[in-house]
Amino acid sequence: MGDSGRAASRTAVLVCQGRAAAHGRAGTDRFSDPVAEQLLHDAERGPVDEVRADSAPKGWQERTRYESVRACAEVVVPRTVAIDEALRTRATGQLVILGAGLDTRAWRLPELAGTDVWEVDHPASQEDKRARVARAAAARLQAPDDHHPSPRRPEATGLPVLARSVRFTPVDLAVDDLGTALAAHGHNASAPTTWLWEGVVPYLTREQVRATLSALAARTAPGSALVVNYQAPSARAAAGRLLTRLLGSSITSGEPWRSLWRPQQMAALLMEHDLRVVSDDDLLSLARALTGPADRRASLRSGRVAVAERG
Ligand SMILES: C[S@@+](CC[C@H](N)C(=O)[O-])C[C@H]1O[C@@H](n2cnc3c(N)ncnc32)[C@H](O)[C@@H]1O
């Protein structure tokens, strides 16, 4: 538990497991995340190894964990590729990642070499992330490998950072003032910023989403962009989450979805904040464009990645 009485996010671990499981077997060379596995604890690597080996375990609890990681691996490939590519073309020098969880981009994308990265997250989740980064760094010192491209900057927190800097910024988006926290951590509101908001919007109420957007819009200079991943309403996705819960997974029940947005609603909301949507794609179309018309979960259709710009 962190100091706010809430536990570190378990969905952040699940997404990290999905990226670790997909690394090297995503069916496209545009996806790669060699860092994700390093952030996982040994017990969390079990289902990852099983998914990578296509070896479903027998017990129902183990099988539920396996299926969660497998489903997540399918979701994170198109989502990560779309977001990575949006960020590569928008290297503004400032990247703020809202609800960063176990995001690995600062340790993974060489294109961020000239960019300062603010990792904003709930204090409990951020504390957990920092401990994982430090642990991974210690493990790397003991057993150096060449998984990672040209590490340049061994920071105090450990794992080699490819970005210019990583600034951990603890914020509970439900109660804290995002703008004040970013200002205190050196974010420059008058220079362009690329904002990333991946896998977080569903966990916030509509009011919290609006409040977060107002706070970020106030620090968004011309030339800035927002990359937002959100969830559109879908009976199929809701049924899938219910089934996972009935099968005994407490991951999704501990972090319920609180807001779903239709693309038109999201575009209107962003426009209210002077952010014009330039693309908005569903994950199913992105996945098909990446690896062809393979058999995929239709529920991918409700996950979306939108990019909005301020001119
Ligand atoms: C599913 S994880 C996504 C993590 C990461 N963005 C990714 O895609 O790998 C959800 C993240 O949202 C964060 N989050 C949820 N509610 C939050 C809040 N009220 N304030 C700050 N962060 C929050 C959690 O701590 C967690 O890191």
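Let me start with the pair of helices α7 and α10, where R206, V209, R210 and L213 of α7 meet Q265, L269, L270 and E272 of α10, a contact being heavy atoms within 4.5 Å. Helices here are DSSP runs of H or I with at least four residues, numbered from the N terminus. The residues of this contact divide into four nonpolar, one polar and three charged, with Gly counted among the polar ones. The axes of α7 (residues 206–217) and α10 (residues 263–272) come within 10 Å and cross at roughly 40 degrees, these axes being lines fitted to C-alpha atoms over the stretch in contact, with angles from 0 to 180 degrees between N-to-C directions.

Please keep in mind that this is a predicted model, in which local features need pLDDT of at least 70 and side-chain atom pairs count only at pLDDT 80 or more, while totals for chains, interfaces and linings use all residues. Residues are numbered from 1 along each chain as its sequence is written, and side-chain values use heavy atoms, leaving out hydrogens and water.

Turning to the ligand, there are 22 residues around it, of which G99, D121, S125, L173 and E198 come nearest, where near means a heavy atom within 4 Å. Helix α1 (residues 10–22) gives the most to this shell, with four residues. As for polar contacts, which are pairs of N or O atoms within 3.5 Å, a ligand nitrogen is 2.8 Å from a polar backbone atom of G99, and a ligand oxygen is 2.9 Å from a side-chain N or O atom of R79.

Methods: Polar contact = N/O pair within 3.5 Å; in protein donor to acceptor, adjacent residues only side chain to side chain. Helix = DSSP H or I, 4+ residues; strand = E, 2+ residues; numbered from the N terminus.
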